Every structure is written in C-alpha cells, then in structure tokens.
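Okay, everyone, let's get going.

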Amino acid sequence: MIDNTPASVGTAAGAVPAETAPPVRPRLTFRQRLSLLDTKLSPYVYVLPFFVVFLIIGLYPLGYSAYLSFFSWPRFGVAHGPGVGWANYSHVLHDPIFRKALVNTLGIFVISSVPQIIIATIVAALLNTELRGRTWWRMSVLSPFVVAPAATALIFGSLFADQSGLVNGALHGLGLSGVDWHSNRPASWLAIATMVNWRWTGYNALILLAAMQAIPNELYEAASLDGAGRVRQFLSITVPSIRPTLLFVIVTSTIGGLHIFTEPRLFDTNLQHQGGANYEFQTLTMYVFNTANSSTDPYPRAAAATWIEVLLIIVVSLGSFLLTRAAQRRSS
C-alpha cells in the first residue's frame, strides 16, 4: 500500500512540511553587494552635479531676487535699504512702459510660436517620408539654429532695414510703399517673429521627427488598406501619436517666446537699446535689463519685474499644457 502523506522535514512533532519550507537565499559576496549598491546609487550620483550647479547659480539667485524685490536699493549703494513691501511691484505694474513691453511680448509670442509649431510639424512630416538625401535635408533644417545670433541679426538687419532693406526694395519694385520696420509696431513684431521662426523651426522639427520615427509602420499600412490618404494618416495617426512630444515643444516654445531677448535686442538700431524710439518692440526681458540700469531703485524694481514675468510664464505654460491635455482627452 502506497502512503500518499506528504513527507515532513524532520521527525519531531510540528515539523514544517518540505513543500512549504522557505527558500534559502545565497549569501551575497562583497563584490555582489557593491554592484547592487552601485546600481541603486549611481543614477543619483550622475544627476547630483546638475542640481548642485543649479542650486548655486540658479536657485539661489532666484530666491535672492524674490527677497530683494521687497526692499529699496540706491543705484550705487553697497547694500539694500529698508523694506518697502509691495511698492516695487506696484511701480512696475503701473509703469506704462511695462504695459507696452507686456503687449509687445505677447504679440511677438503669438505670431512666432504658433506658426513655428505648425510649420515644424509639417516639416517633420515631410522629412519622415522617403526623400532622396534625407540625411542632408535633416541636417540642413538645423543649420539656422547653429548660426550665431549676431550673424542672424546681420542677415535680417539687411532684409528689414528701413531705407535700404531687401524687403522694402522688393516692395518698391512692385510699386508699393516701403515699411518702417523699426518704428511701426506690428511690422517690428513681424520682423522679429520672422527671425525667431527662421532660427527655431528646424530645431523643433527634428524633435518632432524623432517622435514620428517611433510610430510603428503597421499603423500606416493598416490605414492604407482601409483607404486612408496621406493627409488622413497624418491627422489620425501621426498627430495623436506624437502628442506628448508636441506638448513638450509647445511648453518649451511658450517659455522661450515669453522671455525673448536676443532677437529684439539685436534688431534694435536705437543707441539707447530700449526696443525702438517709442518702445515699439521692447519685450519684458528687455524691460528688466533696462530697469536694472535705471536711476531709482534699479535692482529691486528689476527683481520685481522678473518675478512678474516668471509668474506670467508659469500661467501661460500651464494654460498651454491644460489646453493640450484637454484636446487630447477629447479626441481620445
């Protein structure tokens, strides 16, 4: 007769059955423990230098500027004066030049970032097709980004010069009157937005191209079998698939567009560098720079203007993020 009773470990009463005995883990050697510790800690060690540098040259100046914005400081004083509360913020918000700079910044941002993202998406889709010499085309769209900003200013300075610019020369050739690019407010916005779009469109296009290349080809093949054309595939497959990357491009373009400084500063031919003779294209960052060189409480007022700009960037970036997420959820 066969005994089906499971075997037990040991013969004493209450012994643990062999089937339920806990497995014995082998003891790790010193090298194995060191390797495990390296796997857990090395990622933090690799990113630690960035946070240390950011703490020193990034976070500390931000915190100190916020602290300084509530004090007074004479132009050539060695230390800040007594506290003034919100007076610096009130001065900045009631300054008509600041309001003009705010409108200029938003205007340049709208006519630069919106076309830039649309054109970059289309260019990325074209670069994702079977083009001859695709590598050359992909490298060429990045060439404006690697050009020095000073060279960009020289190029567009000759294009949009008021008297001898190539654009006005073409308009005169067509029998039209020229445009005062530096004294006409909307025209100056358009010229600066053209500089921004020329420099950054190819950069954003390559970021979107990398996301497009990660889309499985099976999706396009299935859509082709269903009779979907290239435009329908782009709208129904490509755009929904690259939404996370598109959201990243939108947020970074928003941040860059709202603290634009290099292009309008180089475009300015006024000796005072105030963004036009009547502040036609002075941006918020230019306002901060000029305020820091003013005569009365320059540093605290510049710090207050900086934090107003930071809050504006946070609000607009958060709004762009929420609108994009809402559109994504509605379509899905």
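So, searching the whole structure turns up 1 cavity of 30 Å³ or more. By cavity I mean a set of points on a 1 Å grid over the protein atoms alone where a 1.4 Å probe fits but cannot get out, and lining residues have an atom within 4 Å of a point. Before I go on: this is a predicted model, local features need pLDDT of at least 70, side-chain atom pairs count only at pLDDT 80 or more, and totals for chains, interfaces and linings use all residues. Residues are numbered from 1 along each chain as its sequence is written, and side-chain values use heavy atoms, with hydrogens and water left out.

Back to the hole. The largest cavity holds about 40 Å³ of space, where volume is the space filled by probe spheres set on the points, and grid points are joined across faces, edges and corners. Who lines it? P149, T152, A153, M195, R199, T262, E263 and L266. Helix 6 (149-159), helix 8 (185-212) and helix 12 (262-267) each give at least two residues to that lining; helices here are DSSP runs of H or I, at least four residues, numbered from the N terminus.

Now, two names from that lining, R199 and E263, come back as a salt bridge, 3.6 Å from N to O. The cut-off there is a side-chain nitrogen of Lys or Arg within 4 Å of a carboxyl oxygen of Asp or Glu. The pair links distant parts of the chain, with R199 in helix 8 and E263 in helix 12, 64 residues apart. Buried or exposed? R199 is buried at 14% relative accessibility, and E263 is buried too, at 8%. For the record, buried is under 20% relative accessible area, exposed is over 50%, and partly exposed is in between (1.4 Å probe, protein chains only).

Last stop, the aromatics. The whole structure has 19 aromatic pairs, meaning Phe, Tyr or Trp rings (the six-membered one for Trp) with centres within 6.5 Å; planes under 30 degrees apart are stacked, over 60 edge-to-face, the rest tilted. F70 and W86 sit 4.9 Å apart, centre to centre, with planes at 85 degrees, so that one is edge-to-face. F70 also pairs with Y89, tilted, at 5.5 Å and 45 degrees. F70 is in the loop between helix 1 and helix 2, and Y89 is in helix 2, so this pair ties together parts 19 residues apart in sequence. Y89 is buried at 12%, while W86 is exposed at 61%.

Definitions and conventions:
On a 1 Å grid over the protein atoms alone, a cavity is a set of points where a 1.4 Å probe fits but cannot get out, and a pocket is an open set with protein on both sides within 12 Å along at least five of seven lines; lining residues have an atom within 4 Å of a point.
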